[in-house]
Amino acid sequence: LVFGLQVLLARLMPLEGYGGFVTLWTWLLAIGSFAALGFAESSVRFLPRYRARGREAQVRAYWRYGLRAVVLGSLALALVALVLAFVLDARTEPGLIVLYIALGLPFLAVEYYLEGVARSFGWFRLTTVPVYIVRPLLIGAACFAIHFSGVPLTLPVVGAAVVGSMALVSSGLALVIAGRMRGPAVTAAPPPAAGRLWLRASLPLLLVSGLEDLLAYCDVLILSLMLPGEDVGLYFAAARALALTNFVYYAMYLVSGRRFALDMADADKSRLQQSVREASRLTFWLTVLAVAITLAAGPILLRAFGLEFVAAYPVMAILALGHVVRAASGQAGELLIVAGRQRESILLGLAVLALNVALTIVLVLAFGLYGAAIGSALALAGRSLALASVVRRTTGISAVSLALPSIKKRRA
């Protein structure tokens, strides 16, 4: 549905306008995880262990503390963005994009946090249905209705539809999770020591998750600063056409963190190694299969955006190779987070991001769109190698296993 939404907007908007939407969408998603202050990731570290040990009061105390922190932090960042939008002048495209980022940031931050909480408890439908089904349907339906009412789909119109859908999804998700978290009243605030522990664990993960998102969108963000909107739209379509491979990686990410946390709660290193090995094999081979299917259907997928987008197929092929290399290290990044190795995650993320930025700028100047794809693929290869090495050195766990997966039933 996310892919279908991109196709719909590419069809209904002029190419230059679609490029503006891509810039807004990418910056919003890239910055959104910073606004969640790392609580989306730290929830996967703490909540499964608290529940496994029967500490329900701490589960609910963390949930409330995290929600308050994310709301206040994201509102503060939104205020900064509003000031920047005023300085840039919201009547210009850059100022308008910053304005919509400011409006959408609190809703997206809460959504990220709630997604982390749902993932911690294995509520996987809550992590996927609202974001990947409900939100695209809301945006698509609104844009479709607006277009056929005779109103042109300009950046301000589509931006309003995006922010409105985020507000509805995050509010609905908050109500559902709040209902599931009901239990005996927790009248007292969490002990100061607990709050400090959660905050100290979360804030470094703000950088970890933020760097991961910046790495994922770095190529598009740089292109938006260096090339015309039409080129950005072509590149983004090639990246979106690989939605199936991204979904495979995301699906394994959803289940792996909780699995690793439960194994660590049991202090069973052999079980943890088995879980990591299984996650790596499944991630790699499912990605290879998804890439093969996607590349075979590539011209058809790109043609869905419009005839002019078919020219982006070579970009799509280069990006697909980067996805395969990324999958070779499985879910090693999630293991570092669960193991509390925030420092290593941050340093690695900074190094890979710097490499990606440098490669992308140099290669875009030399090869245009192809250069951005090559830079992204090389950066993902460096990340995969570095992750496997860091995990091995810090935890003693081998994260790379390319043998065919063996599916066995594991305890929940």
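**Reading helix packing and burial**

Analyst: Helices H10 and H13 cross in a left-handed manner; a crossing is left-handed if the near helix is turned anticlockwise from the far one by less than a right angle, and right-handed if clockwise. Helices are DSSP runs (H or I, at least four residues), numbered from the N terminus. The model is predicted, so local features need pLDDT of at least 70 and side-chain atom pairs count only at pLDDT 80 or more, while totals for chains, interfaces and linings use all residues. Residues are numbered from 1 along each chain as its sequence is written, and side-chain values use heavy atoms, with hydrogens and water left out.

User: At what angle do H10 and H13 pack, and how far apart are their axes?

Analyst: Two packed helices are described by the angle between their axes and the distance between the axes. Axes are lines fitted to C-alpha atoms, for helices over the stretch in contact, and angles run from 0 to 180 degrees between N-to-C directions. Here H10 (residues 243–265) and H13 (residues 313–327) pack at about 15°, with axes 10 Å apart. H10 and H13 are therefore roughly parallel (under 35 degrees; over 145 is roughly antiparallel, 65 to 115 roughly perpendicular, the rest oblique).

User: Which residues make the contact of H10 with H13?

Analyst: Contact means heavy atoms within 4.5 Å. H10 contributes Thr 245, Asn 246 and Tyr 249, and H13 contributes His 323, Arg 326 and Ala 327.

User: Is Thr 294 buried or exposed?

Analyst: Buried means under 20% relative accessible area, exposed over 50%, and partly exposed in between (1.4 Å probe, protein chains only). Thr 294, in helix H11 (residues 269–296), has a relative accessible area of 3% and is therefore buried. Beyond residues up to four places away in sequence, Thr 294 touches Ala 241, Leu 242, Leu 244, Thr 245, Leu 301 and Met 316.

User: How is Leu 75 classed?

Analyst: Leu 75 lies in helix H4 (residues 56–88). With a relative accessible area of 45%, Leu 75 is partly exposed.

Technical notes: Helix = DSSP H or I, 4+ residues; strand = E, 2+ residues; numbered from the N terminus.
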